[in-house]
Amino acid sequence: MRVVKQLRKGIVALAVVACMGVNADAQIKIAPESDVTAVHTSAALEIDCTDKGFLAPRMTTLQRDAIATPAEGLVVYDKDLKSIMHFDGAKWQKPSVV
């Protein structure tokens, strides 16, 4: 329950910063209270959890394509294609399988 509460707080904080359009150099870590390790230096957001996953925004292809200026690297779950999609700077792509 604490992990969920912390996750909720972290997402709310991230949403507030994103909505305000503020440039922030802060790093956010969402983890159990017992985890006192620092955020990895290359990460702006780190989610440390061993029993849950990350849920990307879910939308239809029409909704995805209506995003006015998607950032390169933007990730969504396309409900019509039943696939994670990312924007490569020019077009939406399914992740490549290596």
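**View 1. The largest nonpolar core of the predicted model consists of the 5 residues Met59, Val76, Met85, Phe87 and Trp92.** The coordinates shown here and in the following views belong to a predicted model. In soluble globular proteins, nonpolar side chains tend to be buried together. One member of this core, Val76, has contacts beyond its neighbours within four places in sequence, and these comprise Ala56, Pro57, Met59, Arg64, Ser83, Ile84, Met85 and Trp92.

**View 2. Four strands make up an open sheet of mixed pairing, in the order β3-β4-β5-β6.** Strands β3 and β6 (92–93) are the edge strands, each of them pairing on one side only. Strands β3 and β4 pair in the parallel sense over 2 bridges, and across this pairing methionine 59 has aspartate 78 of β4 as its bridge partner. Strand β4 is joined to β5 by 4 bridges, and these two strands run antiparallel; here tyrosine 77 stands opposite isoleucine 84 in β5. Strand β5 (residues 83–87) and β6 also run antiparallel, joined by 2 bridges, and the bridge partner of histidine 86 in β6 is glutamine 93.

**View 3. The hairpin of β4 and β5 has 4 residues between its strands, with serine 83 found in strand β5.** Within this hairpin, lysine 82 takes a positive phi near 55°. Serine 83 is buried, with a relative accessible area of 12%. When residues up to four places away in sequence are not counted, serine 83 touches Val76, Tyr77 and Asp78, and also Lys94 and Pro95.

**View 4. Lysine 29 and aspartate 48 form a salt bridge through their side chains, at 4.0 Å from N to O.** Lysine 29 lies in strand β1 (residues 28–30), while aspartate 48 lies in the loop between β2 (45–47) and β3 (58–59), so this pair ties together parts that are 19 residues apart in sequence. Lysine 29 counts as partly exposed at 22% relative accessibility, and aspartate 48 is likewise partly exposed, with a relative accessible area of 28%. The pair is part of a network of salt bridges that links Lys29, Glu46 and Asp48.

**View 5. Two further salt bridges are formed by lysine 52 with aspartate 51 and by arginine 64 with aspartate 65.** Side chains of opposite charge can pair when their charged atoms come close. In the pair of lysine 52 and aspartate 51, the closest N and O atoms are 3.4 Å apart; lysine 52 is partly exposed, with a relative accessible area of 43%, whereas aspartate 51 counts as exposed at 57% relative accessibility. The side chains of arginine 64 and aspartate 65 meet at 2.8 Å, N to O. Arginine 64 is buried, with a relative accessible area of 7%, while aspartate 65 is partly exposed, its relative accessible area being 44%. In total, the model has 5 salt bridges.

**View 6. Glutamine 27, in the loop between α1 and β1, has a side-chain polar atom that lies 2.7 Å from the backbone oxygen of alanine 43.** Glutamine 27 and alanine 43 are 16 residues apart in sequence, and their C-alpha atoms are 7.0 Å apart in space. Leaving aside neighbours within four places in sequence, glutamine 27 is in contact with Val39, His40 and Thr41, as well as with Ala43 and Ala44. Glutamine 27 is partly exposed, with a relative accessible area of 41%.

**View 7. Confidence in the protein is lowest in helix α1 (residues 2–20) and highest in helix α2 (residues 61–65).** The mean pLDDT is 64 for helix α1 and 98 for helix α2. For the protein, the mean pLDDT is 83, and 74% of the residues reach 70 or more. Where pLDDT is low, the predicted coordinates should not be read in detail.

Terms used: Residues numbered from 1 in each chain as written. Predicted model: local features only at pLDDT ≥ 70, side-chain atom pairs only at ≥ 80, totals over all residues. Heavy atoms only, no water. Buried < 20%, exposed > 50% of the residue type's maximum accessible area, 1.4 Å probe, protein only. pLDDT = per-residue confidence, 0-100. Pairing = 2+ DSSP bridges. Core = buried A, V, L, I, M, F, W, Y, C linked by side-chain atoms within 4.5 Å. Contact = heavy atoms within 4.5 Å. Polar contact = N/O pair within 3.5 Å; in protein donor to acceptor, adjacent residues only side chain to side chain.
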